[in-house]
2 protein chains.
Amino acid sequence: MPPLTKDVIRFGAFVVTGQVFHVSPLSYALVNLKPLLPGHVLVSPLRVVSRFNDLSTAEVQDLFLTVQRVSRTIERVYNATALNIAIQDGRDAGQSVPHVHAHIIPRKRDDLPEPDTIYKMMEGEEGDLERQWEEREAGTGSGDDKRGKFPAVDADEARTPRSNEVMEKEAQWLAEEMAKDAEEGR
Amino acid sequence: MPPLTKDVIRFGAFVVTGQVFHVSPLSYALVNLKPLLPGHVLVSPLRVVSRFNDLSTAEVQDLFLTVQRVSRTIERVYNATALNIAIQDGRDAGQSVPHVHAHIIPRKRDDLPEPDTIYKMMEGEEGDLERQWEEREAGTGSGDDKRGKFPAVDADEARTPRSNEVMEKEAQWLAEEMAKDAEEGR
């Protein structure tokens with residue numbers, strides 16, 4: 001499979017090109033450093049803007065058609081029955097990286113001990129994408145010393161920050177699955 | 001101000017025409033029976049479909065341009081600094097009424113005791129839109145007897161189910177504010 005793009009793709013201040021699994025004319029989708037649940041991905045406009053209201057008409061349209069396309073594939077390949085789709089639009093709504101991004105989180109019955117746990121995770125330290133990417137760039141935060149801070153998700157191996165190799169493998173797989181859905185007109 | 005539409009507008013099985021404050025070619029926005037915070041509104045496709053993936057390309061585009069337009073006005077008139085925009089897509093993701101709807105919730109710094117409270121509220125009984133509308137149609141659920149079930153929001157008068165008159169007044173006001181923003185090209 002050829003690379004999705006020759007361009008460097010940024011998520012806020014971070015270069016995430018290797019984690020991108022889908023690129024549309026104005027948007028892209030990337031896998032997460034620390035998915036809150038397996039299959040938790042993000043969809044962003046290619047242009048780095050912080051607020052939803054900063055997006056042009058064309059960007060809004062492209063962003064949510066991309067969210068729809070991505071969520072279809074994610075629900076299928078992760079055997080989910082539902083999805084949380086959420087934008088924290090601005091810091092006071094819990095946004096950590098100042099770059100518009102829609103969370104797509106595949107859900108299934110009884111996947112979490114409490115139904116609202118997913119939101120606690122989004123709002124808590126485990127959802128602080130900025131800190132995760134910063135720690136990764138600094139080469140910190142990948143050890144067990146951080147685990148104690150995530151009581152809601154202890155013993156969940158998916159909460160360990162993932163290596164580039166693991167993320168790139170997932171991105172490659174999802175890119176192939178997205179291509180299959182596109183070919184089959186799903 | 002003339003009525004927004006002559007059609008009956010449905011939210012799932014419920015007629016909500018009087019609570020609608022904005023209508024676009026394929027979508028509409030309505031005020032809530034029990035807003036989780038002041039200014040909490042919903043945007044839905046006019047067509048009653050349950051899953052995001054059921055929407056046509058035109059419906060997705062129209063829905064999110066409507067979300068953008070509505071959120072701009074809501075943030076302004078409620079003096080907010082941020083917004084939560086969220087879709088519970090399917091029952092296992094917390095969806096209560098089987099009709100696609102985006103929650104728009106205006107936020108400001110320290111508006112809730114804990115940042116994740118808003119999500120607890122969305123996922124808990126206080127976010128069960130179907131039950132709220134059913135109780136309203138049955139003429140129940142408007143008394144203090146229900147308050148005990150909402151510990152996260154005790155003493156919050158906005159959590160009392162609102163009368164048609166109150167909702168229609170808010171819808172009328174928001175319709176006017178939406179029209180102002182449209183005239184001024186915001």
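Predicted model: local features only at pLDDT ≥ 70, side-chain atom pairs only at ≥ 80, totals over all residues.
How many salt bridges does the rule find across the interface of chain B and chain A? I started my notebook with that one, and the count came back as two.

**Entry: a salt bridge up close.** I looked up one pairing by name. Arg51(B) and Glu75(A) bring their side chains together in a salt bridge, with 2.6 Å from N to O.

**Entry: polar contacts.** Next I asked for residue pairs in polar contact between chain B and chain A, both residues at pLDDT 80 or more, and got 20.

**Entry: who supplies the chain B side.** I then checked which elements of chain B touch chain A. Helix H1 (57–77), strand S6 (82–89) and helix H2 (117–123) each give at least two residues to that side. H1(B) gives the most, with 10 residues.

**Entry: strands across the interface.** Strand S6 of chain A, residues 82–89, pairs with S6(B) in the antiparallel sense, and seven bridges join them. I picked out one of the partners: Ala86(A) has Ala86(B) as its bridge partner in S6(B).

**Entry: extent.** Which numbers describe the contact as a whole? I noted 35 residues of chain B in contact with 35 residues of chain A. The area buried between the two chains is about 3100 Å², and carbon and sulfur atoms give 54% of that buried area.

How values were computed. Residues numbered from 1 in each chain as written. Chains lettered and ligands numbered in written order. Heavy atoms only, no water. Contact = heavy atoms within 4.5 Å. Buried area = accessible area lost by both parts, 1.4 Å probe. Salt bridge = Lys/Arg side-chain N within 4 Å of Asp/Glu carboxyl O. Polar contact = N/O pair within 3.5 Å; in protein donor to acceptor, adjacent residues only side chain to side chain. Helix = DSSP H or I, 4+ residues; strand = E, 2+ residues; numbered from the N terminus. Pairing = 2+ DSSP bridges.
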